[in-house]
Amino acid sequence: RDRFKSIQYPPAPWAQLPPRGGAYPFSAPQCAFHRVQWQDQNVNPHVSVVTVGVRDLEVTYAFYAARLGWTPLQYVPEEVLFFQVNHGLVLSFFRADHLAAEAGPLGDIRDAPFTLGHNVESPADVDAVLAKAAGAGGQITAPGSQMSWGGYSGYFTDPDGVRWEVCFNPGLTVGTSGQVTLAVLGPDMSG
């Protein structure tokens with residue numbers, strides 16, 4: 001835990017909120033402004049960090065960094081591993097026992113009903129990523145195949161059972177501003 005205290009993380013959008021049961025860390029006029037701002041506004045709908053609790057961080061590091069070739073944003077052995085996976089988006093792997101100590105009891109990740117998605121440019125890219133994941137020690141849970149909605153996807157799990165969908169979705173486009181557009185597709189893959 002002491003190692004985290006020396007790590008400088010970028011400020012989070014909620015960094016100006018007061019600590020639980022504490023005072024605002026800035027002057028009274030700013031305090032009143034921020035209190036009103038947060039009371040009168042909806043929470044900005046975005047995700048900046050996805051954190052996954054893992055049993056063995058070194059196995060996770062070996063899978064993603066050493067075998068899949070991802071470049072860590074930061075790695076603290078036996079504690080936490082960060083990858084920047086998109087503009088302003090970080091995927092964090094945290095030791096499950098430490099995550100439970102901070103966030104409360106956790107279930108087994110293999111029972112969690114979610115997937116992480118990795119969109120690629122073509123069906124051939126889906127198969128190539130699945131092959132790379134399998135070669136790195138991942139387990140293919142569903143091979144790449146044509147989907148009824150018009151795309152092509154397959155699934156693998158990492159060593160902790162985190163399920164990834166590798167997907168070619170010709171209806172998904174991301175504009176230069178980062179705005180995502182989803183077109184409705186049919187089985188013939190036309191939008």
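Biologist: Which strands does α3 lie across, and at what angle does α3 run to β3?

Modeller: The model is a predicted one. In it, α3 lies across β1, β2, β3 (80–86) and β4, and its direction makes about 30 degrees with that of β3. These strands belong to an open sheet of 4 strands with mixed pairing, ordered β1-β4-β3-β2. The edges are taken by β1 (49–54) and β2 (74–76); each has a single partner strand, so one side of each is left without a neighbour in the sheet. From one strand to the next, the twist averages 20 degrees.

Within this sheet, β1 is paired with β4 (residues 89–95) in the parallel sense, over 6 bridges. One of the residue pairs there joins valine 52 to its bridge partner in β4, phenylalanine 93. A further helix, α4 (residues 96–103), also packs on the sheet, where it touches β1 and β4; the direction of α4 makes about 100 degrees with that of β4.

Residues 57–67, which form α3, are included in what covers the buried residues of α5, together with β6 (139–146), β7 (152–157) and β8 (163–168). Helix α5 itself spans residues 123–135, 13 residues in number, and reaches 18 Å from its first C-alpha to its last, close to the 18 Å expected at 1.5 Å a residue. Its buried residues are Val126, Leu130 and Ala133. They lie on the same side of α5 because the arc that they cover around the axis is only 60 degrees. On the face turned away from that buried side, α5 carries the exposed residues Ala124 and Gly135. Just after the helix, glycine 137 adopts a positive phi of about 110 degrees.

Strands β5 and β8 run parallel and are joined by 4 bridges; histidine 118 stands opposite valine 166 in β8. By contrast, β6 and β7 run antiparallel, with 5 bridges between them, and alanine 142 faces tyrosine 155 in β7. The hairpin of β6 and β7 has 5 residues between the strands, and in this hairpin glycine 150 takes a positive phi near 110 degrees.

The loop between β7 and β8 contains aspartate 160. This residue has a relative accessibility of 4%, and it therefore counts as buried, the limit being under 20%. A polar atom of the aspartate 160 side chain lies 3.0 Å from the backbone nitrogen of arginine 55.

Definitions and conventions
Residues numbered from 1 in each chain as written. Predicted model: local features only at pLDDT ≥ 70, side-chain atom pairs only at ≥ 80, totals over all residues. Heavy atoms only, no water. Helix = DSSP H or I, 4+ residues; strand = E, 2+ residues; numbered from the N terminus. Expected span 1.5 Å × (residues − 1). Buried < 20%, exposed > 50% of the residue type's maximum accessible area, 1.4 Å probe, protein only. Arc of directions from axis to C-beta. Contact = heavy atoms within 4.5 Å. Polar contact = N/O pair within 3.5 Å; in protein donor to acceptor, adjacent residues only side chain to side chain. Pairing = 2+ DSSP bridges. Axes fitted to C-alpha atoms, helices over the stretch in contact; angles between N-to-C directions.
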